Each structure stands twice: as C-alpha cells, then as structure tokens.
2 protein chains.
Amino acid sequence: VHTLGIDLGGTYARAAVVDPGGRILASAKTALTDRGPEAVVEAIHQAAEGAITSAGSVTIHGCGVGVAGQLGPNGSVIVGPNLGWRNVPFGALLAARLGRKVRVVNDLAAASWGELNAGAGKGVQDLFVVFVGSGVGSSIISAGRFVRGAAGVAGEFGHIKVVPGGRLCGCGERGCLEAYAGGHNLIAQMQEALQGTEPTRLSTLTGNDPHKLTPVVLEEAAEQGDAVARRIYDAAVGHLSLAIANQLTVLNPARLILGGGVLNRTPGMLKRIREGVSAWTNANARAAVSVVVAELGDDSGLIGAGLLATAE
Amino acid sequence: VHTLGIDLGGTYARAAVVDPGGRILASAKTALTDRGPEAVVEAIHQAAEGAITSAGSVTIHGCGVGVAGQLGPNGSVIVGPNLGWRNVPFGALLAARLGRKVRVVNDLAAASWGELNAGAGKGVQDLFVVFVGSGVGSSIISAGRFVRGAAGVAGEFGHIKVVPGGRLCGCGERGCLEAYAGGHNLIAQMQEALQGTEPTRLSTLTGNDPHKLTPVVLEEAAEQGDAVARRIYDAAVGHLSLAIANQLTVLNPARLILGGGVLNRTPGMLKRIREGVSAWTNANARAAVSVVVAELGDDSGLIGAGLLATAE
C-alpha cells in the first residue's frame, strides 16, 4: 500500500510516494510563485503528478499533507503564517484538484510521525520531539499515541513564556520561547542589533547585508566571541535548554528528538542544548532519556504525511 | 463491588471502603507512632479493619494504597521521604498482613484519579492536576489515560527548574519549583528569614515560635504588606503561575485542577495563580481550559486509591 505524502512549506510544495515502511520511492517539488490558495493547490498538484510519474506503476491509497499553521475542521487552515493564509478551506480545494481524499495535518505532527515510525524514534513509545526551524514546535507521544490536547493544540512549546512581558512574538503574545529561539526571531534580533551602535562581527561576516544574516552566521560570530552575537545566541540556547529540560522532567520520555532547519545546521547550538538538558533535567527523567538528532532531515515531514494518510 | 482505599501519609494511615462511584461508605484512621515498615503496616491493618467493620456487611474486592515517594516494581518503595524509607518491600509486607492483593500507587496519582473519576475532573478526558502540599506534584491525563512516562515518573512538576542553580531542594538538586513553592520549603524560607536582621511581622504573628510558621501565616503577613513575607510569597506564586501556564500551553488540557494542603488553605494564593495562569497561557490553550479547585479535599487520595484497586 503506497501513499502520497505532501509537505507544504513557504517556498516549495514537495510530494513523495511513500511505502508503508516510510521509504520514499519517488519525489518531486514545485516552487511556489504565488501564495494564493488556488496557485498553491495547483503547485501541489504538479509536484504530486511528478512524484507519481517518477514512481512508475504504483497504486496510491491515500494522501496526507503537512502544513505549518493552525488547522480547523475538514482540513481548513485557520492561520497559515508562511503563506499569509486566513480561513482557507484548503483540504476541500486540494481534494477536488487531486481527485482523492486528503488528510491535512500540522507540519510538525507530520515530521514527528515520520521520525517516530521511520526515523530516530523507531521502537520507542514515549517521545518528545522538538523542532527549531523558523519557528519552535514540539510533539508529545505517550504510550505510542499523540498527546493532542482538548482543542488539538498540545505541543505549542514555542509559545510557552520564558521572559514574561518580553519580546513580542509572531503569535501576538510577549516573551515566548519562539521570540528568542526561533530562526525568524534570531534573524530579527540580529537585524535589530545591527541598527545599534555597538560594533559587531555580524556586519563584517555579512558584508553589512542584512539578508545574509542566518542562524549559521550567528553561531559563527558567537563562537568567535562577538559580544552582540553571544547575547542573542546564549539567550536562545539557555531558554531552549531549560525549557526542554523541564518538559523532560514533566513528561519522562524515553527519547528526545531534536531537529528542524536551525538545529540541523548549528552543531554548536545542538551541543550546548545537550549540555543544558543534561544539567537541568531531574535525575530520574534524565536517566530514562536518550537525546538524539532527527534522522530524516528535511524528509521527515514528507514521510510522516505519507504515513499519516492511512494511520488510525 | 466495593474496594478498600488507603492513604498513607507521614502522620496517619487512613482507610476507607469505597463504592464504584467513588463514595466513601466508611473510613477510619490510625496514628503512626513508629515509622518503621512493620509498625506502619500494622497501623494500616488497624485502620483497614476499622473501616471494614464500620461499613458493615460488604465484600471487599481489591485494595489500593497511595504512598508519597518513588515506587519500584511489585509495590516496593524506593524512596519514601515522609517516612524516611529506602527500598522497602512495602507491597509484599502489606499484602501479607492484610491477606489480600494490594496495588501500591503514588499518592498524587491516587488523588488525581479520585478527582478525575469522582471529583472536579468528572467527564473530562484531558486534565492537568497540580497539588501543592508539603511538596509540589502533578498528574497528566491525556484522552482519559495517565501519561506515565518511560520510567513511570512523568508529572514530576515539582522538580522542574525555575531558578537554575538556586535553592537546594529535598531531591538533592537546585532551583526546583518545589524549593520555592512547596509547603515544607515555604516554612524553611520563613525560618531562614527569621534568622536574619530584617524586621518582619512573621515574628509577631507567631510570637517568635518557629513552629507556628505555616503557609497560612505567610499569606496573612504578605497580604498585610510585610516585605519579607512578600518576597517569599511572590516568588512562590510567580514561579507556580508561570510553570502551570507553560504546562497548559504545552498540554492543552480541558481542565486544570488545583489542590493540595497548601492551596486548600490559601485562597489568596489560589486567586493569584488563577490570574497568572490567565495572563501567561497561550491564547488557544487558555480558551480551552477551565480552572477549578479539587473537590474531594483530603479524601481524594483515599477515594482514588480505592478506585484504582480494580482499574485496568
């Protein structure tokens, strides 16, 4: 039984034909030149056709699609920040265009499901997954099941408060973990620092081009001892480490999986988080957990969406 | 089908005959004059006989007992701080003395199960329960099931770190929530403050008798504006509120139940925690949760232990 897994990002729609073991038989991607719902659905359709054609003669039984944002009933997207969407009946539009049933899931849930079933979480029943990409998110799996919460919004780890009254977050609240540690906010903090008068290697490393500011540049400057970069970097690492450690103490998972676009590219940050988590997790929970990095890289969401298409 | 529920505290053993609806038919308690395992088992036996005798002609199908501490396999107690126990084969000793099978559970799990099935959590599937008594603990129920964790130590909310490197906690680690907000530590902080030179109403309110320092006295002094009391009280309330709010954001329960010996007696603290939780919980999770106080008071553990005797 093969399924179609789709990962809808902010710049590309990716599609893959996935087998029940979570292997990708074929994949394709299409750039999003227009972020309007119809254009995005058309791009997904092209990527899907490309993946199915590349896979040769397989029958597709179900389609799952992972989307960043807050989802409503029947696959609707209430808020899709990467695409600027509000209240889009995405599931219905996509099902009509593809001519098949579609299951819409949160992108982090898809990526976590992929890692759980085909990646770093295989064989584990109790899992905490943290992704640090442009945002910060998490999934909790207890006794093999997702902890979904009463309204389906469990795992909003990026929006716990680490500095009450602190930096304004994209969610409209202040002091969220994501406002200090998400990739988008790391870049925003560097841009703000460059407006200031304090000299910083961030200017020389980027030739004063704010578009070249990335979490990788931040790590480089911080490791070179740049004071401005260190403040931003140390705050991000400190808040992330303590918050993750506290969740391990409360949830007592067998495995912590760390992934996402920022952590995949910043080995120094990953190392510091491992140290902080080890220092601050309560002894019993610490003894039970192994800390691993996500194995499927950028494919976790594609694979997870494909596997979720036919799950329970 | 009636069961026997037992709540083993630090000063009393209590026993009750409980019906399947969580009603107490009869109960009895026996003071613990000696905390050695044999003496405690004997006191439980007396309380149990008293409860069964008071209940009249009922047949008992199973016995559950709630104990504070870290439990091992087969009802053993690895660490029982209230009783000074280490590695006591408690379940086996008690089963032999009572002549019946015994299920040993954590006291907070028992209390939470009682509230879930017969108290403030009735009808709810997703629940976060926080008890502030001499210590601080929690239980997580997701889709009607306990989140137990890989090693059965999930819910160790009292030992998350709120001040890294801060006050030494009874668990041997520093900066735990319990070290600032647990009843035992509230009293310890007041005693430490009385050793200092700063004048405080805590001395006049207690006639300089450190044995009269209680969380109720702390609240009274803080509400009268005493600076020493306010520092301790505000730190406890602030750390509790923020930590609870962040768990609500991550877990997205339908109900938060607040209980325990300290919160049951400090209405001001309860009010301030409600305010902090409302201010700091992420909007989606906040919209989904109702905050209630535990309904069963000191009986929640007895009732929960009785109900757990025959549960799954």
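Reader: Which ring does Lys29(A) lie over?

Author: This is a predicted model, to be clear. Lys29(A) lies over the face of Tyr12(A). The distance to the ring centre is 4.2 Å.

Reader: And in chain B, what does the charged end of Lys29(B) sit over?

Author: The ring of Tyr12(B), 4.2 Å from its centre.

Reader: Rings next. How many aromatic pairs over all chains?

Author: Six. One of them is Phe128(A) with Phe157(A): the centres are 5.5 Å apart and the planes stand at 85°. Planes over 60 degrees apart count as edge-to-face, so this pair is edge-to-face.

Reader: Where do Phe128(A) and Phe157(A) lie in the chain?

Author: Phe128(A) is in strand S9, residues 127-132. Phe157(A) is in the loop between strand S11 (145-146) and helix H4 (177-181) of chain A. The two parts are 29 residues apart in sequence, so the pair ties them together.

Reader: Is Phe128(A) buried or exposed?

Author: Buried, at 0% relative accessibility. Phe157(A) is buried too, with a relative accessible area of 0%.

Reader: On to the sheet. What's the strand order in the open sheet of chain A?

Author: S3-S2-S1-S4-S8, five strands with mixed pairing. S3 (24-31) and S8 (102-106) stand at the edges. Each has a single partner strand, so one side of each is left without a neighbour in the sheet. Neighbouring strands are turned by 20° against each other on average, direction ignored.

Reader: In which sense do S4 and S8(A) pair?

Author: Parallel, over five bridges. S4 covers residues 60-67 of chain A. Val67(A) has Asn106(A) in S8(A) as its bridge partner.

Reader: Which helix packs on the sheet, touching S4 and S8 of chain A?

Author: H3, residues 107-118 of chain A. Its direction makes about 95° with that of S8(A). There is H2 as well, residues 90-98, which lies across S1 (2-8), S4 and S8 of chain A. H2 runs at about 140° to S8(A).

Reader: Last topic, the two copies. What rotation superposes chain A on chain B?

Author: 180°, with 0.0 Å of shift along the axis and an RMSD of 0.1 Å. The copies are thus related as by a two-fold rotation axis.

Reader: Through which surface do the copies meet?

Author: The same one on both sides, because 100% of the interface residues of chain A are also interface residues in chain B.

How values were computed. Residues are numbered from 1 along each chain as its sequence is written. Chains are lettered from A and ligands numbered from 1 in the order in which they are written. This is a predicted model: local features need pLDDT of at least 70, side-chain atom pairs count only at pLDDT 80 or more; totals for chains, interfaces and linings use all residues. Side-chain values use heavy atoms; hydrogens and water are left out. Copies are superposed by least squares on the C-alpha atoms of residues with pLDDT of at least 70 in both. Contact means heavy atoms within 4.5 Å. Rings of Phe, Tyr and Trp (its six-membered ring) pair if their centres lie within 6.5 Å; planes under 30 degrees apart count as stacked, over 60 as edge-to-face and the rest as tilted. Helices (H or I, at least four residues) and strands (E, at least two) are DSSP runs, numbered from the N terminus. Buried means under 20% relative accessible area, exposed over 50%, partly exposed in between (1.4 Å probe, protein chains only). A charge sits over a ring if NZ of Lys or CZ of Arg is within 6 Å of the ring centre and within 35 degrees of the ring normal. Two strands pair if DSSP finds at least two bridges between them. Axes are lines fitted to C-alpha atoms, for helices over the stretch in contact, and angles run from 0 to 180 degrees between N-to-C directions.
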